[in-house]
Amino acid sequence: KTELPPISHTMFPEGFIFGAATAAYQVEGGWNADGKGPNIWDNITHERPSFVANNNNGDVAADSYHRYKEDVQLLENIGFQMYRFSVSWARILPNGRINNVNKAGIDYYMNLIDELLAKGIQPMVTIYHWDLPQDLENIGGWTNPEIVTIFEDFADLVFRTYGDKVKWWITINEPYMVTKGYGADSFAPAAYLDLHGIVEYQVGRNLLLAHAKAYRLYQKKYSQQKGKLSMAFTGIFSIPKTDSQEDIAAAERTYQLTFGWFSHPVFVGDYPQEMKNRIEQLSRQEGRNTSRLPPFTQDEIDEIRGSADFYGLNHYSTVFVAEGTDQSSSDPKPSAMSDIGVTTSVDPRWPTGASVWLKVVPQGIRLNVKKICEEYCNPDIIITENGYDDDGSKFTDDPERIYYLETYYAELRQTIYTDGCNLKGHISWSLLDIFEWRDGYTKRFGLVHVDYNNSNRTRTMKKSAYWLKNYIEMHKIYYK
Ligand code: GBH
């Protein structure tokens, strides 16, 4: 009798969800179609074209506003069970406020959702993926505390309109990265540059409150829809450069001041103690009377605590950290970045994506998931983004992406079978080659190639898409 190896060597457990993701500004185009209002990415790419590589912008992008049926067909062809996409706030509310609803925008997402459901694909809807309506930025954007209820109103409309059909929600994509649009010149709106070190924490505070308001509203008004809500958390996942106590502590501090900044208030309550202590102490050294990290009231702590039904994790890569601020870094002081006080590095042997920051470190994703189980009492976890970028020079020939998926999946299976974590699904970033923010179209994250020189934006499955199709199919056959 032949002994078969355990399925943990090759497969995820029954019911594991495979999905793919995109975000509105990165794929839709139709930037001013049918009554859509301008958002901060429309604004910055038009006002300051050199902000993005090759002066690219998302005016047309992959043209998913007109070609969403092709996208859904691709999802079905590959065999995905879930599609995570975001709604463009200014497409639904051209001015960001609910007193002016754009019917064409409402219809677009309704059609997309219906198309998905007709093919048995579950939508996961991100309410905010970085494309704030410009009119809201003009009153201070995420720095303005009014944004909390303005976001709640938008979320209310979205739940009311789509909630019968949508059972998975991400309120805000990567609040950590959203803070980087303020006090730093790295993402739109690239505003309030002189307030670095202060504005990031004000923005972070408003993001957490906005998320919690939307979550509580859903509980109160829409719980009969039986959906699951979370944020998509991210940060800098790091491992200590050496086994010295200092470097071990530096890695823990990096975790708490990036991932912990947003996950700890949601899963435990309030900011991590280490984060509060650190910024308080630095603020005092700078001669301030109060911490640059504004505190929550007890009511706010209670409102935010417990505001997630699962942990959404966006994970791509890992770095080494060593104790002590990087003297060669260009981060302004103070800033949320320099507050961490570590120096990052990578192992030169790690394979790399087209983006220099995207090193292939499969063991990192296992450690990241394990950290979540330990830190936050074993919540259900979904990898809401994970993927690899190429530079497009080999068209659909992408063995590196297959290697990335294979090695990361192997580690993810260990988080389930060996570490006992409640990992429920994996969502690939991205279905398509997308507008990669400041890198424009020079970095390609797609399982599916998009021809940006062709006005049809021709979509062609890469080898990795075929690999994944077979891999998902194997699960469907085995568990039938
Ligand atoms: C995700 O963010 C986003 O949700 C998604 O929209 C994006 O397309 C995807 O990642 C790929 O980047 O130059 O060292 O400062 C992940 C956050 C933002 C991480 C850009 C890397 C640049 C690192 N990514 N960031 S660095």
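**Salt bridges and their surroundings**

Modeller: Arg205 is buried, with a relative accessible area of 16% (buried means under 20%, exposed over 50%, and partly exposed in between, with a 1.4 Å probe and protein chains only). This is a predicted model, in which local features need pLDDT of at least 70 and side-chain atom pairs count only at pLDDT 80 or more, while totals for chains, interfaces and linings use all residues. Residues are numbered from 1 along each chain as its sequence is written, and side-chain values use heavy atoms, with hydrogens and water left out.

The side chain of Arg205 meets that of Glu300 in a salt bridge, 2.7 Å from N to O (a side-chain nitrogen of Lys or Arg within 4 Å of a carboxyl oxygen of Asp or Glu). Arg205 belongs to helix H9 (residues 199-221) and Glu300 to helix H12, so the pair ties together parts that are 95 residues apart in sequence. Helices (H or I, at least four residues) and strands (E, at least two) are DSSP runs, numbered from the N terminus. Glu300 is buried as well, with a relative accessible area of 18%.

Across the whole structure, a search finds 33 salt bridges. One of them pairs the side chains of Arg91 and Glu28, at 2.9 Å from N to O. Arg91 sits in helix H4 (residues 89-92), whereas Glu28 is in the loop between helix H1 (24-27) and helix H2 (40-47), so this pair ties together parts that are 63 residues apart in sequence. Both Arg91 and Glu28 are buried.

A further salt bridge joins the side chains of Asp398 and Arg401, at 2.8 Å from N to O. Asp398 and Arg401 are both buried. Salt bridges with shared partners join Asp390, Asp398, Arg401, Asp433, Arg444 and Lys462 into one network.

Ser291 is found in the loop between helix H11 (273-285) and helix H12 (298-304). A polar atom of the Ser291 side chain lies 3.0 Å from the backbone nitrogen of Leu293. That is a polar contact: a pair of N or O atoms within 3.5 Å, where, within protein, one must be able to donate a hydrogen and the other to accept it, and residues adjacent in sequence count only if both atoms are side-chain atoms. Leaving aside neighbours within four places in sequence, Ser291 is in contact (heavy atoms within 4.5 Å) with Ile279, Glu280 and Ser283.

At the start of H2, a side-chain oxygen of Asn39 reaches to within 2.9 Å of the backbone nitrogen of Trp41. Trp41 is itself one of the buried residues of H2, along with Ile40, Asp42, Ile44 and Thr45. The cover over these buried residues includes H1, strand E3 (122-128) and helix H6 (134-137).

Now the ligand. Of the 16 residues around the ligand, Gln26, Glu174, Glu385, Glu436 and Trp437 come nearest (a residue counts as near if one of its heavy atoms lies within 4 Å). An N or O atom in the side chain of Glu385 is 2.9 Å from an oxygen atom of the ligand. For Asn173, an N or O atom in the side chain is likewise 2.9 Å from a ligand oxygen. A polar side-chain atom of Trp437 also lies 2.9 Å from an oxygen atom of the ligand. Taken alone, the ligand exposes 560 Å², of which the protein buries 71% (areas by the Shrake-Rupley method with a 1.4 Å probe; for residues, only the protein chains shown count as cover). The shell around the ligand divides into 9 nonpolar, 4 polar and 3 charged residues. Here Ala, Val, Leu, Ile, Met, Phe, Trp, Tyr, Cys and Pro count as nonpolar, Asp, Glu, Lys and Arg as charged, and the others, Gly among them, as polar.

Last, the backbone. Ala188 and Pro189 are joined by a cis peptide bond, with omega about 5°, and Pro189 lies in the loop between helix H8 (175-179) and H9. A cis peptide bond also joins Trp429 and Ser430, with omega about 10°; Ser430 lies in the loop between strand E11 (422-429) and strand E12 (448-450). Asn55, a residue other than glycine, has a positive phi near 55° and is placed in the loop between H2 and helix H3 (64-78). Asn55 is partly exposed, with a relative accessible area of 48%. Ala61 lies in the loop between H2 and H3 and has a positive phi of about 45° although it is not a glycine. Ala61 is buried, with a relative accessible area of 1%.
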